[in-house]
Structures are given as structure tokens and as C-alpha cells.
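We will go from the whole chain to the inside.

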Amino acid sequence: MNEVAPLCLPPRPVGNGTGVRVFLPGTCDTHMHVFGPAERYPLVPARNYTPHPVTFADYRPVMAALGIDRAVLVQPSVYGTENSALLEALGAAPDALRGVVVVPPDLPDADLQDLHRAGVRGIRVNRRNPGGLSLEHVARLGSRIAPLGWHIQLQIEIAKAPDLVGMVERCPVPVVIDHFGFLDPRQSLRGGPFAQVLRLLEGGNLWVKLSAPYRVSLSGRPYADLAPFVAALISCRPDRLLWATDWPHTELWADMPDDMDPADRTIPEALPAPVRSLILVENPARLYGFALPAR
């Protein structure tokens with residue numbers, strides 16, 4: 001399958017970061033990826049895209065340009081359960097980086113401890129790309145990683161997730177859904193899958209990433225159809241929301257986002273400072289185990 005998996009667009013270059021800082025000190029990008037050279041980090045044959053090689057060094061200009069101080073590397077589907085590229089990147093800035101990995105459900109406890117020492121703080125269950133773990137693994141993995149203080153990260157379409165409420169409520173660790181849960185902006189705010197998400201947010205065990213609006217919106221920039229959903233999430237539990245760039249924006253073959261475009265940053269510019277601080281700084285510090293910046 002690797003002969004036909006299409007090559008994604010590379011990310012847009014950004015400026016040199018010498019302008020005005022966009023985000024608050026301590027801001028954390030909670031979802032980005034790295035891809036090493038294929039000869040060193042082979043891609044799995046069963047994949048639906050082929051990424052450009054981009055390293056943590058390539059991502060540093062994005063951090064500088066936006067004023068991002070911390071980041072969370074998320075294991076991409078094209079590497080399966082081989083986390084070597086992610087773990088190598090974590091070593092480049094251990095105080096500023098954390099990781100979310102994909103591992104076999106029966107990985108020995110000693111290996112989980114090794115991953116924790118390397119900066120890993122969660123396990124990803126991706127149901128939108130080939131391979132990946134099953135939703136049936138969530139409860140078992142949650143029990144195994146609870147002593148480590150980790151979480152489960154889900155990439156799912158909330159409209160297609162069987163028993164999302166039961167899965168989140170039974171999980172012994174926090175559950176994070178990325179990219180708005182791939183919600184359908186044509187659906188109601190007050191009923192259906194999104195209403196379930198709001199109820200789970202209220203319960204406290206679910207977290208949502210405000211990320212990758214271009215994967216969800218049907219209206220295109222400035223993603224006006226997502227604005228009511230963002231407002232509802234912020235009104236519900238701002239202390240359970242996270243922000244991310246989704247850099248380098250994989251699985252795109254046209255209309256690559258601009259990391260300097262406010263529309264692609266999802267966070268409303270008019271948010272009160274305490275709420276912005278929660279989403280950008282304090283929430284990720286708590287979930288991923290970063291120290292809060294001095295005030």
C-alpha cells in the first residue's frame with residue numbers, strides 16, 4: 001500500500017519569530033507530529049498518506065513565530081506502534097515537550113515506565129486512519145496507565161463512536177478527543193453527538209482539543225460554522241479545553257493552512273485573558289505535567 005499512499009503537502013514556512021508574540025508565556029501546542037527520514041524511520045505499508053520528513057528542528061520556527069513554549073508530540077498513524085521518531089524528538093527538549101504514543105495493549109509495565117521517564121503522558125487510539133488500537137482497548141489501557149497519571153487520546157468521529165458516554169464514564173483516566181471530535185457543523189448544538197460531548201465535559205473526565213478546524217468546517221475560512229460550537233465548549237467547561245496547531249497538517253493535498261492566520265488558530269481573539277490562559281497554558285500544564293510559568 002505504501003506505493004500508492006499519496007504524498008501530503010509540506011507545511012507552509014513561517015517567519016523568523018522576531019515580531020510580536022501571539023500567545024501567552026507558557027502556551028502549549030498539544031498536538032503536532034514529527035516524521036524522520038523514511039530510511040531511518042520506515043513508514044507502515046498500511047497507511048493512507050505519505051508525509052514529508054519534518055523534524056522538531058523544522059517545527060521550532062513555528063514555536064518562535066507564534067510564541068509557543070511547549071508542545072505535545074502525538075504518534076502519527078503512519079508509524080503504527082513504533083514510536084522511535086517521537087521519542088528521539090522528545091529528547092531534544094525534555095523540559096518543553098511531552099508525548100502521546102501508540103503501544104500494543106500488552107506492552108510490559110516496565111516499558112510503560114520507560115516511556116513515562118522519556119516524557120510520554122498518554123496513549124492514542126486512532127479510529128480514523130488505518131491500523132491503530134481498538135476502542136475496546138480503552139478501558140483496559142486506562143486501568144494500566146492510571147498509576148502513571150496518563151490519559152487516553154481518541155481520534156474519532158463523535159457521530160460514529162459507539163457508546164461514547166459509557167466509554168468516557170467508565171474510563172479510569174481522562175479521555176481527550178482531538179480536532180473537535182470531527183463534529184458535523186450541520187448538526188444541532190442542543191441534541192445528538194455534540195450534546196453528549198457537552199454533558200461529558202460537564203462531568204469532567206472528557207477533554208476536547210480546539211484544533212484542525214480545516215478538517216471539520218464545511219464553510220472554509222474563517223470557519224464561521226464552527227464558531228457556535230467553539231463558544232458552546234468554552235461556555236461549558238473552559239478548564240477541559242486544549243489548543244493545538246496540528247502541525248504539519250498531514251493528509252492535505254490542497255489549501256495548506258497558514259500557521260500565522262488567526263482563523264487557523266481557532267482561539268477567538270476576544271476571549272477574556274483568564275480563559276485564554278486556561279486553554280493555552282494552565283490546562284495543558286495540568287494534563288501533561290508541565291510546571292506553571294512564574295507570574
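A contact means heavy atoms within 4.5 Å. Residues 24 or more positions apart account for 76% of the contacts in the protein with a separation of 6 or more.

This is a predicted model: local features need pLDDT of at least 70, side-chain atom pairs count only at pLDDT 80 or more, and totals for chains, interfaces and linings use all residues. Residues are numbered from 1 along each chain as its sequence is written, and side-chain values use heavy atoms, leaving out hydrogens and water.

**Select everything.** The C-alpha atoms fill a box of roughly 45 × 45 × 45 Å, taken along the principal axes. Switch to cartoon: there are eight helices and eight strands. Helices (H or I, at least four residues) and strands (E, at least two) are DSSP runs, numbered from the N terminus.

**Look inside.** Buried residues make up 56% of the 295 residues. Buried means under 20% relative accessible area, with a 1.4 Å probe and protein chains only.

**Select Tyr59, Ile123, Ile152, Leu154, Leu164, Leu233 and Ile279.** These have the most contacts inside the largest nonpolar core, which has 87 residues. Such a core is a set of buried Ala, Val, Leu, Ile, Met, Phe, Trp, Tyr and Cys residues joined through side-chain atoms within 4.5 Å.

**Zoom in on Ile279.** Which residues does Ile279 touch? Among them are Leu210, Ile234, Trp243 and Pro284, not counting residues up to four places away in sequence.

**Last stop: Cys28, Val72, Trp207 and Leu287.** They are among the eleven residues of another core, which lies apart from the largest one.

Conventions:
Buried < 20%, exposed > 50% of the residue type's maximum accessible area, 1.4 Å probe, protein only.
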